[in-house]
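Could you walk me through how to read the features of a protein model?

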Amino acid sequence: MITDTPARALGPLLHEGKAKRLYATADPQWCAVEFKDVATAANGRRQVQLPGKGGLNCRISGRLFTLLEQAGLPTHFREPLGDGWMLVRPLRMIPLEVVLRNRAAGSLLRQLPIVAGQPLEPPLLDLYFKDDALGDPFLSEARLATLNIVTPEARVQLETMARQVNSTLHQALARLDLDLVDLKLEFGWDASGQLRLADELSPDNCRLWDGRQSPDSPGRSLDKDRFRQGLGGLVAAYKEVNHRIQALDHLQPRSHDPGQGIQ
């Protein structure tokens, strides 16, 4: 619940997506995000209410945003605001979804003759135009140039930062026996013109496999695939991810861990 301090007094609703609501606050430098207790698939055409899901995604996202900030990667996150809420910077969002794939899974298996679970080195980076009405279409080089969404220089900055985020999270989560298969990232510009990671970092937009389960076990999936594929147990899986994520505070960093800073 939002507190009644001036900087955090809840203002009008600015935007509502499938899984979150964005509100203004009394301080124009900050916005409040509410994570909804809803699971969606098929671009929102399938929905189900799952009590507790929003709070879990909020806690997981906050912990991973903090990890990235400690690694020198700027995000929109400031602090939690109670269960299911967080305080963030307002950004001018870039209408792109940046997908990093460390293994072959999901839609890639329907698009390429590739073996499920095959490692992708270097990770495959794909750009999609963020537009639900168009189905978030894949952008080729020519299509991206036609839309003129970002300059060539901004695109390099965007893709470089996306790879740094992926590398930092991939290595940190591996220490928790969580295999970051792929993830979807969104970015925006703050008032000073700095590029920042936005949206969320949770099992809703990160495909996570449990390294403690056998490859053919249905329990290996700890992400939204449990809803997409009708496996059930989504909230329990998210609770397990949250439990492990919080253990990051108690792990000793490795000398080569990107969590110590981007060189």
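**Reading the inside of a model**

Q: How many cavities of 30 Å³ or more does the count give?
A: The count comes to one cavity of 30 Å³ or more. Before we look further, keep in mind that this is a predicted model, where local features need pLDDT of at least 70 and side-chain atom pairs count only at pLDDT 80 or more, while totals for chains, interfaces and linings use all residues. Residues are numbered from 1 along each chain as its sequence is written, and side-chain values use heavy atoms, with hydrogens and water left out.

Q: What shows where empty space is left?
A: Rolling a probe the size of a water molecule over the atoms does that. Here a cavity is a set of points, on a 1 Å grid over the protein atoms alone, where a 1.4 Å probe fits but cannot get out. Grid points are joined across faces, edges and corners, and the volume is the space filled by probe spheres set on the points. The largest cavity holds about 40 Å³.

Q: Which residues line the largest cavity?
A: Lining residues have an atom within 4 Å of a point. For the largest cavity they include Ile60, Leu64, Leu208, Val241 and Ile245. At least two lining residues come from each of α1, β14 and α6 (234-246). In these names, helices (H or I, at least four residues) and strands (E, at least two) are DSSP runs, numbered from the N terminus.

Q: Where do nonpolar side chains tend to be in soluble globular proteins?
A: They tend to be buried together. A nonpolar core is a set of buried Ala, Val, Leu, Ile, Met, Phe, Trp, Tyr and Cys residues joined through side-chain atoms within 4.5 Å. Buried means under 20% relative accessible area, exposed over 50%, and partly exposed in between (1.4 Å probe, protein chains only). In this model the largest nonpolar core has 56 residues, and Leu169, Leu185 and Phe187 have the most contacts inside it. Helix α4 (residues 152-174) gives the most to this core, with eight residues. Another core lies apart from it, with six residues, among them Trp30, Leu81, Trp85 and Leu87.

Q: What describes a pair of aromatic rings?
A: The distance of the centres and the angle of the planes describe it. Rings of Phe, Tyr and Trp (its six-membered ring) pair if their centres lie within 6.5 Å; planes under 30 degrees apart count as stacked, over 60 as edge-to-face and the rest as tilted. By this rule there are three aromatic pairs. The rings of Tyr23 and Trp85 have centres 5.6 Å apart and planes at 40°, so this pair is tilted. Tyr23 belongs to strand β2 (residues 20-25) and Trp85 to strand β7 (residues 85-88), so the pair ties together parts that are 62 residues apart in sequence. Tyr23 counts as buried at 14% relative accessibility, and Trp85 is buried with a relative accessible area of 12%.

Q: Which kind of pair do Phe65 and Phe77 form?
A: Phe65 and Phe77 are stacked, at 6.0 Å centre to centre with 20° between the planes. Phe65 lies in helix α1 (residues 53-70) and Phe77 in strand β6 (residues 77-80), so parts 12 residues apart in sequence are tied together. Phe65 is buried at 0% relative accessibility, and Phe77 is buried at 12%.

Q: Where does the charged end of Arg220 sit?
A: A charge sits over a ring if NZ of Lys or CZ of Arg is within 6 Å of the ring centre and within 35 degrees of the ring normal. The charged end of Arg220 sits over the ring of Trp209, 3.6 Å from its centre. Likewise, the charged end of Arg46 sits over the ring of Phe227, 4.5 Å from its centre.

Q: Do most residues other than glycine have a negative or a positive phi?
A: Most of them have a negative phi, and most peptide bonds are trans. Asp177 has a positive phi of about 60° although it is not a glycine. Asp177 is in the loop between α4 and β11 (178-185), and is partly exposed, with a relative accessible area of 33%. Asp199 also has a positive phi, of about 65°, but Asp199 is buried, with a relative accessible area of 16%. As for peptide bonds, the one from Glu121 to Pro122 is cis, with omega near 0°, and Pro122 is found in strand β10 (residues 119-129).

Technical notes: On a 1 Å grid over the protein atoms alone, a cavity is a set of points where a 1.4 Å probe fits but cannot get out, and a pocket is an open set with protein on both sides within 12 Å along at least five of seven lines; lining residues have an atom within 4 Å of a point.
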